[in-house]
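Thanks for coming. Please have the sequence and the model open.

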Amino acid sequence: MKGREDMPRKITVLLGSPRRNGNSETLAASFVEGAAKAGYKAQIIRVNGLKIGGCIDCRRCWANKTHCFLNDDMKEVYASIDESSVITFATPLYFYSWPTQIKPVWDRLLPYFSPNSKVDVSGLRAVLLATAGDNDDKCSDGLKKSFELACDYAKWQIAGELLVTGVYEATAVSSKEEVLKQAFEMGKNLKSE
Ligand SMILES: Cc1cc2nc3c(=O)[nH]c(=O)nc-3n(C[C@H](O)[C@H](O)[C@H](O)COP(=O)(O)O)c2cc1C
């Protein structure tokens, strides 16, 4: 499989929060709703509760042109990404960075970045939906930079970044209609890209 041009309109949505129906999940729901209008189907993967270990840098994936040899729930993530044209990270900001739930997923994407990976993810479009408690917009700078550098390395096109601050309580984002609309439009606009 080479390139993403002919991929179906499928989005892998990774939910990074341990809180059900929290702020990042609420943003993701609006985004998915908008994306549905553009003909995209979403596979939502709640990472919390899945067993996903960290990369052990054995490079067996690179040597054997396969996904990771570790036998855990990352299989579900690989299977979804393999057939997606968009990947979305819906995540809370934890200590100015990714939560523990999401970080191993990034590291375990390593098989795709082997020079001879059998699945070419280089044309994927990527979306970041993040929520933070602080009111200072700068609090999300580290997460944003990490996302952008990772997308650059992966040769992923950034199809949207929405970094919402000042939402601490789990339902705080629900009253921010403008923000939910932005997430919705981001999903809806996928079709025009
Ligand atoms: C362990 C932990 C670390 C956090 N670190 C930060 C932080 O560094 N900056 C910040 O603004 N908010 C921080 N927060 C607050 C969350 O980012 C905020 O409540 C967010 O809206 C949670 O999203 P969720 O409802 O999707 O879980 C932290 C919360 C937790 C539980």
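Gly 133 counts as partly exposed, because it has 14 C-beta neighbours inside 10 Å. On the cut-offs, a residue is buried with 20 or more other C-beta atoms within 10 Å of its own, exposed with 12 or fewer, and partly exposed in between, the C-beta atoms being placed from the backbone. Before going on: this is a predicted model, in which local features need pLDDT of at least 70 and side-chain atom pairs count only at pLDDT 80 or more, while totals for chains, interfaces and linings use all residues. Residues are numbered from 1 along each chain as its sequence is written.

Gly 133 sits in the loop between E4 and H5. Helices (H or I, at least four residues) and strands (E, at least two) are DSSP runs, numbered from the N terminus. Leaving aside neighbours within four places in sequence, Gly 133 is in contact with Val 167 and Tyr 168; contact means C-beta atoms, placed from the backbone, within 7 Å. Its C-alpha atom is separated by 10.0 Å from that of Asn 23, 110 residues apart along the chain.

Not counting residues up to four places away in sequence, Gly 142 touches Tyr 96 and Ser 97.

Now the ligand. Which residues come nearest to it? Of the 19 around it, they are Gly 22, Ser 24, Pro 92, Ala 132 and Asp 134, where being near means a C-beta atom, placed from the backbone, within 6 Å. H1 supplies the largest share of this shell, three residues. By class, the shell has 10 nonpolar, six polar and three charged residues. Here Ala, Val, Leu, Ile, Met, Phe, Trp, Tyr, Cys and Pro count as nonpolar, Asp, Glu, Lys and Arg as charged, and the others, Gly among them, as polar.

The largest nonpolar core has 50 residues, and Ala 28, Phe 31 and Leu 129 have the most contacts inside it. Such a core is a set of buried Ala, Val, Leu, Ile, Met, Phe, Trp, Tyr and Cys residues joined through C-beta atoms within 7 Å. H1 gives the most to this core, with six residues. Beyond four places in sequence, the contacts of Phe 31 include Thr 88, Val 127, Leu 129 and Phe 184.

What about H3? Its buried residues are Met 74, Val 77 and Ile 81. They fall within an arc of 55° seen down the axis of H3, so they line one face of the helix; the arc is that of the directions from the helix axis to the C-beta atoms. As a reminder, an α-helix has 3.6 residues a turn, so residues three or four places apart point the same way. The cover over the buried residues of H3 includes E1, strand E2 (41-46), E3 and helix H4 (103-107).

Last, the whole chain. It has six helices and five strands, in the order β-α-β-α-α-β-α-β-α-β-α. Its radius of gyration is 16 Å, close to the 16 Å that the globule rule gives for 193 residues, so the chain is as compact as a globular protein of that length. That radius is taken over C-alpha atoms, and the rule is 2.2 Å times the number of residues to the power 0.38. Of the 193 residues, 38% count as buried.

Definitions and conventions:
Two residues are in contact if their C-beta atoms, placed from the backbone, lie within 7 Å.
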